[in-house]
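Open the model in your viewer and switch to a cartoon display. The tour goes from the sheet to the helices and then to the core.

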Amino acid sequence: MADQPTDANLGPPTLRGVPITVMAQYLKDLSFESPGAPATVGAVTELREGSVNVDVKVVPLGGPNYEVVLRVKVEANHEGKVIYLLELEYGGVVQVGEMPAETVEPILMIEGPRLLFPYARSIVTAMTRDGGFAPLLINPIDFAAMYRDFKRKNREAMAAAATTA
């Protein structure tokens with residue numbers, strides 16, 4: 001390809017002009033528990049109470065490659081009892097293109113999970129349906145807002161550590 005370096009001494013090719021490319025994606029971990037089954041299966045057709053928590057983890061793999069892991073935890077409750085608990089880790093190996101160093105972290109923490117999210121959402125929907133419950137459709141997530149919260153919490157923690165030192 002004309003937009004990739006061809007010199008073997010440069011190491012793996014880096015995509016130019018593309019901020020982030022998903023090289024591979026995979027299911028790292030999946031757990032679904034229905035502790036009240038069979039009594040709760042089919043009896044509850046909608047999620048009335050519960051929580052959906054989403055987290056992002058980025059691990060450098062060397063060079064322009066990183067692992068982005070989207071972690072999703074869903075707990076559904078009905079009448080004060082847990083009817084199901086789902087935990088999912090969906091990962092992807094992504095490659096960042098040529099860009100300024102200060103833009104790598106936001107690209108990985110915002111665009112990486114944004115690209116993986118539809119696949120993780122589909123797994124959650126299928127698992128809840130196959131578990132005997134109404135399919136759970138997770139609303140779209142604003143990963144930019146999550147990243148801003150992450151940075152704000154880091155700044156606050158650093159400020160708190162500086163005042164106690």
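Two strands are said to pair if DSSP finds at least two bridges between them. Keep in mind that this is a predicted model.

Select β2 and β3 to begin. These strands pair in the antiparallel sense over 13 bridges. For one example, pick Val58: its bridge partner in β3 is Val68.

Next, show the whole sheet. In which order do the four strands of the open sheet stand? The order is β1-β4-β3-β2, with antiparallel pairing. Colour β1 (20-33) and β2: they stand at the edges with a single partner strand each, so one side of each has no neighbour in the sheet. On average, neighbouring strands are turned by 15° against each other, direction ignored.

Finally, turn to side chains. The largest nonpolar core has 31 residues. Select Leu70, Val72, Leu88, Leu108 and Val124, the residues with the most contacts inside this core. At least two core residues come from each of β2 (49-62), β3 (65-78), β4 (81-96), α1 (104-130) and α2 (143-164). The largest share, ten residues, comes from α1.

Stop at Val72. Which residues does Val72 contact, leaving aside its neighbours within four places in sequence? They are Val52, Asn53, Val54, Leu86, Glu87, Leu88, Val124 and Ile138.

Methods. Residues numbered from 1 in each chain as written. Predicted model: local features only at pLDDT ≥ 70, side-chain atom pairs only at ≥ 80, totals over all residues. Heavy atoms only, no water. Core = buried A, V, L, I, M, F, W, Y, C linked by side-chain atoms within 4.5 Å. Buried < 20%, exposed > 50% of the residue type's maximum accessible area, 1.4 Å probe, protein only. Contact = heavy atoms within 4.5 Å. Axes fitted to C-alpha atoms, helices over the stretch in contact; angles between N-to-C directions.
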